[in-house]
Amino acid sequence: MAEVITLGEPLVVWIPEQTGDFTCVNAFTKGIAGAELNVAVGVSRLGHTISYVSRLGDDVFGQYILDEMNRQGIGISHIQKDPDYLTGSYFKTKVLTGDPKVSYMRKNSAASHLGPEDLETVDFKNAKILHLTGISAALSDSCIAAEKLAIDKAGKNHLTVTFDPNIRPSLWKDEQTMIRTLNELAFSCDIVMPGIAEGEKLTGKNNAEDIAMFYLEQEVKAVIVKAGAKGAYLRTAERKAFIEGFKVDKVVDTVGAGDAFATGVITGLVEGMTLEEAVRRGNAMGAIAVTTIGDNDAMPDKNTLESFMNRRANRI
Ligand code: KDG
């Protein structure tokens with residue numbers, strides 16, 4: 001039994017010790033990654049339970065990820081080892097400013113063969129939140145079918161469904177398919193959390209309010225448009241608010257900031273916070289996440305998060 005359920009593709013990430021393209025770098029450290037896994041790490045560090053549904057290859061990468069998930073207290077009883085396909089991985093560049101470049105090794109991976117059948121024994125009845133991203137939808141039709149079934153089961157069991165479009169154009173066959181598929185999924189979720197640039201691409205609108213209304217006019221209950229360090233725009237049918245972000249002294253790596261944000265919102269909702277409070281926590285989580293090189297190693301425990309938020313609040 002877990003408070004949060006997610007499904008997706010856990011990856012091994014290779015983190016370079018120097019700047020420059022992959023061909024020029026000789027030393028790397030390894031880590032675990034993947035948008036939903038980053039969220040799972042964050043949720044667990046903040047003291048909540050999460051069950052992760054996926055498939056890993058029967059290989060050393062898969063075993064490493066599984067051991068790490070176990071060590072970090074993430075529910076792994078719905079992770080299958082698939083003897084026929086490999087575990088995915090990716091490289092990211094180390095940059096001094098801006099977003100790193102990424103190269104994926106995940107085509108036809110074990111996780112891309114995830115399907116509706118993997119959800120058969122998952123306990124939706126006792127969970128509160130289902131968290132999904134658009135990355136899983138990019139992997140295969142069977143992953144899209146799994147996401148759709150998960151949304152359906154979540155609805156029947158009164159879970160809140162959070163959706164981060166997380167657009168990754170290089171994983172899609174074309175932009176039109178990406179936009180259509182992600183919007184179709186988003187329309188059936190409760191809370192949609194695009195970054196501002198993602199929202200512009202998905203809706204064709206050019207400001208946070210219009211992006212939010214595009215989804216609210218469907219069945220979506222709340223839209224949170226992320227504006228990076230500036231903060232996030234929260235819109236529901238009844239209220240609108242821009243919730244300011246937290247400043248950080250030095251940005252080391254931006255990968256995983258959106259997942260940390262989602263973690264803040266999800267755990268806030270599990271704890272019964274208002275949406276405004278949950279978004280504020282999301283902003284703080286995003287700010288903390290950019291201070292280290294790994295995709296999820298900065299995810300704080302509750303004390304660290306609270307003292308970060310209090311310190312910043314007192315400074316204003
Ligand atoms: O959101 C962070 C993820 O992008 C990263 O951990 C790797 O899942 C990943 C991806 O597909 O880019």
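Predicted model: local features only at pLDDT ≥ 70, side-chain atom pairs only at ≥ 80, totals over all residues.
**Helices H1 and H8**

I began with helix H1 (residues 35–45) and helix H8 (residues 257–270), whose axes come within 9 Å and cross at roughly 45°. My note on terms: helices (H or I, at least four residues) and strands (E, at least two) are DSSP runs numbered from the N terminus. Axes are lines fitted to C-alpha atoms, for helices over the stretch in contact, with angles from 0 to 180 degrees between N-to-C directions. H1 and H8 are therefore oblique to each other (under 35 degrees counts as roughly parallel, over 145 as roughly antiparallel, 65 to 115 as roughly perpendicular, the rest as oblique).

Residues are numbered from 1 along each chain as its sequence is written, and side-chain values use heavy atoms, with hydrogens and water left out.

I then looked up which residues touch (contact means heavy atoms within 4.5 Å). Ala35, Asn38, Val39, Gly42 and Val43 of H1 meet Asp259, Ala262, Thr263, Ile266 and Thr267 of H8. By class, I find five nonpolar, four polar and one charged residues in this contact.

**H8 again, with H9**

Next I followed H8 to helix H9 (residues 275–289); their axes come within 7 Å and cross at roughly 145°. The H8 side of the contact includes Phe261 and Leu269, and the H9 side includes Arg281 and Met285. The class tally here is ten nonpolar, seven polar and one charged residues.

**The ligand**

Which residues come nearest to the ligand? Of the 14 residues around the ligand, they are Tyr104, Arg106, Arg168, Asp259 and Asp295 (near means a heavy atom within 4 Å).

A polar side-chain atom of Tyr104 sits 2.6 Å from a ligand oxygen atom. For Asp295, a polar side-chain atom is also 2.6 Å from an oxygen atom of the ligand. In Asp259, a side-chain N or O atom lies 2.7 Å from a ligand oxygen atom.

**Helices H6 and H7**

Last, I turned to helix H6 (residues 196–203) and helix H7 (residues 208–216), with axes that come within 10 Å and cross at roughly 55°. That makes H6 oblique to H7. Ile196, Gly199, Glu200, Leu202 and Thr203 of H6 contact Ala208, Ile211, Phe214 and Tyr215 of H7. These residues divide into six nonpolar, two polar and one charged.

Technical notes: Nonpolar A, V, L, I, M, F, W, Y, C, P; charged D, E, K, R; others polar. Polar contact = N/O pair within 3.5 Å; in protein donor to acceptor, adjacent residues only side chain to side chain.
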